[in-house]
Amino acid sequence: MIQNSVTRAVVIGTGHYLPERVVPNSAFADTLDTSDEWIVSRSGIERRHFAAKDERTSDLAAQAARAALDNAGVGADTLDAIIVATSTPDYTFPSVATMVQAGIGADKAYAFDVQAVCAGFIYALANANALIVSGQARRVMVIGAETFSRIMDWTDRSTCVLFGDGAGALILDAQPGTGAPGDRGILSTDLNADGRHRDLLYVDGGVSSTGTAGYLRMQGNQVFRHAVEKLAQTAETALEKAGLGARDVDWIVPHQANIRIIQGTAKKLGLPMEQVIVTVQDHGNTSAASIPLALSVGVESGKLKQGDVVVTEAIGGGLAWGAVVLRW
Ligand code: ACO
């Protein structure tokens, strides 16, 4: 008989929050030389949510956090740590995570932000896993929350139609495992970065450069080329580390940037689109929030079930990219 020999970080709850205001593609055609047809055919995006003027990233994050606590049936006072992945914080400091900690009353939790742009949630998940398996925390809230509408150049049709606002959260709990791939929880992580490609996707402002927040700039077709190749590669590496193959996968939950990237990656992995959770049509690209949003929607829709093998993968500015394999 195999003894319980390792600690696994197991998902015990998910939740999400989307701002009330829904903006359809047609709204952009009034001011820009674009069309619903172009946006849908090139990106798969049909609509996105934009935060209200007085709604901040920490508000979205706290709402998602409350939903995840409700879903898990646990209190905020049971959290040991809160990690928020975001590139659009309320302030330069303090972190969004500390604002969430105060907002939800997680009195015992330490809290910090992670910034890896669209790969932020993958990085945050990998770090939460490290805290749990090393015994530094038993219960960790991991949140992805963004207000990308605040860094859009509304005159740039090649970027402003692609992004949206939102937040998703999940709660990880330390539970005993055997060390085998049949365990529930995070089975492997794979993180990568290549800062030589920073000019492909960046924000042209910041504290120590311009002193302004800046606007998002992207060479979309170049990012696209890197995305399909690197996402399939990192997913395969993570699966190998987990002792699993593509045939063992129940769901791919990819970063939701572009339906063609999602399709291309699934094809490279040899998996049909029926096994991919897709929300890009409704949310647009919500950067670090996109994967936890898709996971939460996947649970709500009844697709994601306990015991399912899930591969999550994302790439974003940096470039930074990675994948996490977990058994739900
Ligand atoms: N409406 C109409 N035409 C447009 C629009 C628009 N909204 N935007 C661009 N175009 C035009 C371009 O000007 C170009 O015209 P030209 O040929 O006359 O120069 C033409 O459409 C084709 O442009 P491409 O950029 O080559 O189009 P592509 O098929 O590559 O699609 C897109 C663009 C959707 C941006 C795609 O490249 C993409 O999704 N890239 C990846 C984005 C991504 O994954 N980002 C990842 C992470 S994001 C993060 O980390 C924050």
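Which domains does the lining of the second largest pocket draw at least three residues from? One reminder before we start: what you see is a predicted model.

Let's begin with the domains. The domain assignment gives us domain 1, residues 6-177, and domain 2, residues 185-327. Taken over C-alpha atoms, their centres are 14 Å apart. As for contact, 51 residues of domain 1 touch 49 residues of domain 2.

Find the open sheet of 5 strands and read across it: the order is β1-β7-β6-β4-β5, and the pairing is mixed. At the edges sit β1, residues 6-17, and β5, residues 110-114, each pairing on one side only. From one strand to the next, the twist averages 20°.

Let me zoom in on one pair there. Strands β6, residues 139-147, and β7, residues 165-177, run antiparallel and are joined by 9 bridges. If you'd like a landmark, look for V142, which stands opposite L170 in β7.

Helix α3, residues 96-104, lies across β4, β5 and β6, and runs at about 130° to β4. Helix α9, residues 290-300, lies across β1, β6 and β7, at about 85° to β1.

On to the other sheet. Here 4 strands form an open sheet in the order β8-β13-β12-β11, again with mixed pairing. The edge strands are β8, residues 185-193, and β11, residues 251-254; each of them pairs on one side only. The twist in this sheet averages 15° from one strand to the next.

How do β11 and β12 run, parallel or antiparallel? They run parallel, with 4 bridges joining them. Within that pairing, V253 has T312 in β12 as its bridge partner.

This sheet has helices on it as well. Helix α4, residues 120-133, lies across β8, β12 and β13, and its direction is about 130° to β8. Then there is α6, which packs on the sheet and touches β8, β12 and β13, making about 140° with the direction of β8.

The largest pocket holds about 850 Å³ of space. Its lining is made up of 32 residues, and those nearest the centre are S87, T88, P89, I151 and A213. Which strand gives the most to that lining? The answer is β9, with 3 residues. Both β5 and β9, residues 201-203, supply at least two residues each. Sorted by class, the lining has 15 nonpolar, 13 polar and 4 charged residues. Domain 1 and domain 2 each contribute at least three residues to the lining of this largest pocket.

That brings me back to my opening question. The second largest pocket has about 620 Å³ of space. It is lined by 28 residues, with S158, L162, M218, G220 and N258 closest to the centre. And the answer: its lining draws at least three residues from domain 1 and at least three from domain 2.

Here is where α6 returns. It gives the most to the lining of the second largest pocket, with 6 residues. Several elements supply at least two lining residues each, including α1 (36-43), α5 (157-160), α7 (259-269) and β12 (309-316). By class, this lining counts 13 nonpolar, 11 polar and 4 charged residues.

The peptide bond from F93 to P94 is cis, with omega near 5°, and P94 lies in the loop between β4 and α3. There is also a cis peptide bond between G318 and L319, where omega is about -5°. L319 is in the loop between β12 and β13. Last, have a look at V117: it is not a glycine, yet its phi is positive, at about 50°. You'll find V117 in the loop between β5 and α4.

How values were computed:
Residues numbered from 1 in each chain as written. Predicted model: local features only at pLDDT ≥ 70, side-chain atom pairs only at ≥ 80, totals over all residues. Heavy atoms only, no water. Pairing = 2+ DSSP bridges. Axes fitted to C-alpha atoms, helices over the stretch in contact; angles between N-to-C directions. Contact = heavy atoms within 4.5 Å. 1 Å grid on protein atoms, 1.4 Å probe; cavity = no way out; pocket = protein on both sides within 12 Å on 5 of 7 lines; lining within 4 Å. Points joined across faces, edges and corners; volume = space filled by probe spheres on them. Nonpolar A, V, L, I, M, F, W, Y, C, P; charged D, E, K, R; others polar. Domains from an automatic or database assignment.
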